[in-house]
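Please keep the sequence and the model in view while reading.

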Amino acid sequence: RAAEASERIADLEKINHEVRGCLARAQERIESAERRQNEGEEKLEELTRTLRELGGMFDRRDDNRGRITDEMTQSARELRAIDSQPETPIRRFSRRCTICFTEHPRQRAAFDRCGHIVCFPCAVDHCVASGPSCVICR
């Protein structure tokens with residue numbers, strides 16, 4: 001009977017040792033997960049601080065959210081009316097190409113050095129024929 005008890009104690013000690021090993025490994029995993037969570041929270045806080053530092057740079061607090069307003073439409077109408085008057089000494093608004101006289105070209109091109117603007121096809125034709133100089137300044 002003493003031998004049985006001794007054998008049983010040895011088995012229980014072996015089980016106890018295995019359980020303690022499992023608990024230690026589980027504790028290590030928990031600590032590792034907590035470290036990763038803390039690192040993630042620190043990264044999140046850092047990103048949040050960065051976004052706050054940027055302020056409202058990308059935050060559009062415009063009620064219109066980029067839509068064309070009635071005021072913008074009215075302003076464009078007024079400018080077009082002024083622009084369409086032939087006797088207007090100073091044209092305030094014109095998309096007309098000064099080379100081919102297309103009133104509203106789909107694409108326009110600006111020359112860097114002088115800022116003259118012409119329609120894209122005229123700019124390409126001129127650059128192919130004469131190089132990258134301004135078609136108006138030459």
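Is His-126 buried or exposed?

1. His-126 is buried, with a relative accessible area of 10%; buried means under 20% relative accessible area, exposed over 50%, and partly exposed in between (1.4 Å probe, protein chains only). This residue is found in helix 3. Apart from neighbours within four places in sequence, His-126 is in contact (heavy atoms within 4.5 Å) with Gly-131, Ser-133, Cys-134 and Val-135.

2. On the basis of the note: this is a predicted model, in which local features need pLDDT of at least 70 and side-chain atom pairs count only at pLDDT 80 or more, while totals for chains, interfaces and linings use all residues. Residues are numbered from 1 along each chain as its sequence is written, and side-chain values use heavy atoms, with hydrogens and water left out.

3. On the overall arrangement: the chain has three helices and two strands, in the order α-α-β-β-α from the N terminus. Helices (H or I, at least four residues) and strands (E, at least two) are DSSP runs, numbered from the N terminus. Of the 138 residues, 11% count as buried. Among contacts between residues at least 6 apart in sequence, 8% join residues at least 24 apart.

4. On the core: the largest nonpolar core has nine residues, among them Cys-97, Phe-111, Val-118 and Cys-134. Strand 2 (117-119) and helix 3 (120-130) each supply at least two residues of this core. Such a core is a set of buried Ala, Val, Leu, Ile, Met, Phe, Trp, Tyr and Cys residues joined through side-chain atoms within 4.5 Å. Beyond its neighbours within four places in sequence, Phe-111 is in contact with residues including His-116, Val-118, Ala-123 and Cys-127.

5. Over residues 16-50 the chain is 100% helix and 0% strand, with the end C-alpha atoms 50 Å apart.

6. On Phe-101: this residue is found in the loop between helix 2 (70-84) and strand 1 (108-110). Phi of Phe-101 is near 60°, a positive value in a residue other than glycine. Phe-101 is exposed, with a relative accessible area of 53%.
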